[in-house]
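Hi everyone, thanks for coming.

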Amino acid sequence: MTNATVSETVQSAKGRELTLTYEGGSQKIVVPENASISMLVPGDRSQLVPGATVNVTAAPGADGKMTATRVQVTQDGIKPPQ
């Protein structure tokens, strides 16, 4: 997997065309209109409410217990990726 930055977005006849730039190059991809595009932004604990959809990334700590390293939560009705 390569991390990339969206450096350009244009509307084409095929759909939304994104130019992704990464170390060593770039690539254009077409994203269908029904695909959601989101970005991670800082949040706070007040967003963790009953009924909210969450996606938790965890790793084992020094004591062997799993510790959350990232928590994504529903915001403005948009659910985190599964």
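The largest pocket here has a volume of about 710 Å³. Lining it are 21 residues, and Met39, Leu40, Val41, Gln72 and Val73 are the closest to its centre. A pocket, on a 1 Å grid over the protein atoms alone, is an open set of points where a 1.4 Å probe fits, with protein on both sides within 12 Å along at least five of seven lines; lining residues have an atom within 4 Å of a point. The lining splits into 11 nonpolar, 6 polar and 4 charged residues.

A word on the source: this is a predicted model, where local features need pLDDT of at least 70 and side-chain atom pairs pLDDT 80 or more, while totals for chains, interfaces and linings use all residues. Numbering runs from 1 along each chain as its sequence is written, and side-chain values use heavy atoms, without hydrogens and water.

Now the surface. Leu48, Val54, Val56 and Val71 make up a nonpolar patch with about 320 Å² of accessible area together; such patches join nonpolar side chains within 5 Å, from residues with over 30% relative accessible area and no salt bridge. Val56 sits in strand β4, residues 54-60 (strands are DSSP runs of E, at least two residues). Why is Val56 called partly exposed? Because its relative accessibility is 48%, and the class lies between buried, under 20%, and exposed, over 50%.

Finally, there is 1 salt bridge, meaning a Lys or Arg side-chain nitrogen within 4 Å of an Asp or Glu carboxyl oxygen. Glu17 pairs with Lys28, their closest N and O atoms 3.9 Å apart. Glu17 is in strand β2 and Lys28 in strand β3, so the pair ties together parts 11 residues apart in sequence. Lys28 is exposed, at 54% relative accessible area.

Key:
Grid points are joined across faces, edges and corners, and a volume is the space filled by probe spheres set on the points. Ala, Val, Leu, Ile, Met, Phe, Trp, Tyr, Cys and Pro count as nonpolar, Asp, Glu, Lys and Arg as charged, and the others, Gly among them, as polar. Patches are made of residues with over 30% relative accessible area and no salt bridge: like charges are joined within 9 Å, nonpolar side chains (Val, Leu, Ile, Met, Phe, Trp, Tyr) within 5 Å. Accessible areas come from the Shrake-Rupley method with a 1.4 Å probe; for residues, only the protein chains shown count as cover. Helices (H or I, at least four residues) and strands (E, at least two) are DSSP runs, numbered from the N terminus. Buried means under 20% relative accessible area, exposed over 50%, partly exposed in between (1.4 Å probe, protein chains only).
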